[in-house]
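Please read this short report alongside the structure shown below. It takes up the contact between two chains, then the build of one of them.

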Amino acid sequence: MYSEKVMDHFTNPRNVGEIENADGVGLVGNAKCGDIMKMYLKVEDGVIVDVKFKTFGCGAAIATSSMATEMVKGKTLQEALQLTNKAVAEALDGLPPVKMHCSLLAEEAIHAAVEDYMKNHPEAVK
Amino acid sequence: MNRIYMDNAATTAISAEALNAMLPCFGQVFGNASSIHSTGRDARKKLEEARRTVAGLLGAKPNEIYFTSGGTESDNWAIKGAAFANRHKGNHIITSQIEHHAVLHTCQWLEKQGFEITYLPVDEYGVVNPADVEKAITDKTILISVMAANNEIGTIQPIAEIGKIAREHKITFHTDAVQAVGAIHVNVNDWNVDMLSLSAHKFHGPKGVGALYIRTGCKAEQFLHGGAQERGRRATTENLPGIVGLAAAMEKAVGSLEENACKIMYLRDKLIDGILSAIPHTRLNGHRMQRLPGNVNVSVRFIEGEALLLRLDLAGIAGSSGSACTSGSLDPSHVLLAIGLPHEIAHGSLRLSLSDNNTEEEVDEVLKVLPEIVTSLRAMSPLYEQFLQEEK
């Protein structure tokens, strides 16, 4: 039911972990629904230089988290805000329809982390 | 990679006895059991032999056994059949919250047809209290349906007691014994049941075949219309290979029940004790003693069931989970919620169900692999991180 890419990112997730003193943190989802994603960003000069995640969730939730971190690493905050769940799903060679909400969660987690950074660093938003 | 199959509550491997019994029915004995000629009569002979075997193993009479397409059909027939046949007496049905969907969804459909259903709660171990059954009875109650043993958490219900209550109140009593037959002692008279559902593929028989026991005198509407098969109550040409396979598998399963149960329970308890002691923050779901011999169901906190299953599968181990992601809905298993588990703990459930094909080496392998997988999934779980921070 999962593509090889999903299984690859599930089995060997990229960027798992935390960033101490992260510049931005995004936490979305809730345990009741079975998915929680937490994203940590390190930002320098408006560019995401490091990103890590922790996820409680199914195979698709872990794989989309992993893929989303890869897609925003090295990107500007503005570029990260343009990340869509569709792009994450496509990069994984598709997701089963019932799992599309996982990619949405990944998008929201990245956006939440960027917004958290912007809230803490109003000078960066100009 | 050697595969370790521990999903026997979902389905079992077919036994050599069942397969060998079936093979002639794909060849020489191909007749239609309703035909008058010798070819038909050969098929009829095998069909009625199978019926006698199944009846004997349940303590029933052969003419009380009706072959079906499986457990789901048996449950549908029993509940809809009894509901409509007794509609003139009342419209109230009592069942439990932890039934299989074959029962629950049938009852929900009947609600739309004007029936009233009481879904009895269960205790923390998943046991239906017979006193609750008695209290729920009204002068409109026409049917009680409580499963013999639960498919997810393995809890065995006090069926004989519930049956006695139903008998005293002259109410039809059905039990879904799909998980029970071949696993524990089943006798329709000891249990005071009027209808009982069973399915062949749960005890090393073929898929697509089951049976419904209907006690003589018990009223149930005809299920399929279009022929005189199954004493005029279920039309369609009988699935002879399946039926013969069912009987052979059941004969073997029930015949070696005590010996198998002993071995399987040893493996089950080793798995349960091993998991609970090796992995912190785990709990056993279901009753420790009143439990199917092959059922292990644990909740592993801070991780999600589907991720756990996928990682186990990569290690060659087949299990199942009650997480939402594996149920195809947003809610985790209704059974785990009914025993009072919060959603996040229900999402992290793991069911390993054993059969006589499993070995101690396999159990040891699972006990070696599972803790490593749990550790690695917890390492990436924000819930676990939060828990550790709160502990400090």
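Chain A meets chain B through 18 residues, which are in contact with 21 residues of chain B; two residues are in contact if their C-beta atoms, placed from the backbone, lie within 7 Å. This is a predicted model, in which local features need pLDDT of at least 70 and side-chain atom pairs count only at pLDDT 80 or more, while totals for chains, interfaces and linings use all residues. Residues are numbered from 1 along each chain as its sequence is written, and chains are lettered from A and ligands numbered from 1 in the order in which they are written.

The elements of chain A that give two or more residues to the side touching chain B are listed here.

| Element of chain A | Residues |
|---|---|
| α1 | 4-11 |
| β2 | 35-44 |
| β3 | 47-56 |
| α2 | 59-72 |

Helices (H or I, at least four residues) and strands (E, at least two) are DSSP runs, numbered from the N terminus. β3(A) gives the most to this side, with three residues.

Chain A has five helices and three strands, in the order α-β-β-β-α-α-α-α from the N terminus on. Its radius of gyration, taken over C-alpha atoms, is 14 Å, close to the 14 Å from the globule rule for 126 residues, so chain A is as compact as a globular protein of that length. That rule is 2.2 Å times the number of residues to the power 0.38.

Of the 126 residues in chain A, 47% are buried, meaning that 20 or more other C-beta atoms, placed from the backbone, lie within 10 Å of the residue's own.

Technical notes: Buried ≥ 20, exposed ≤ 12 C-beta atoms within 10 Å, placed from the backbone.
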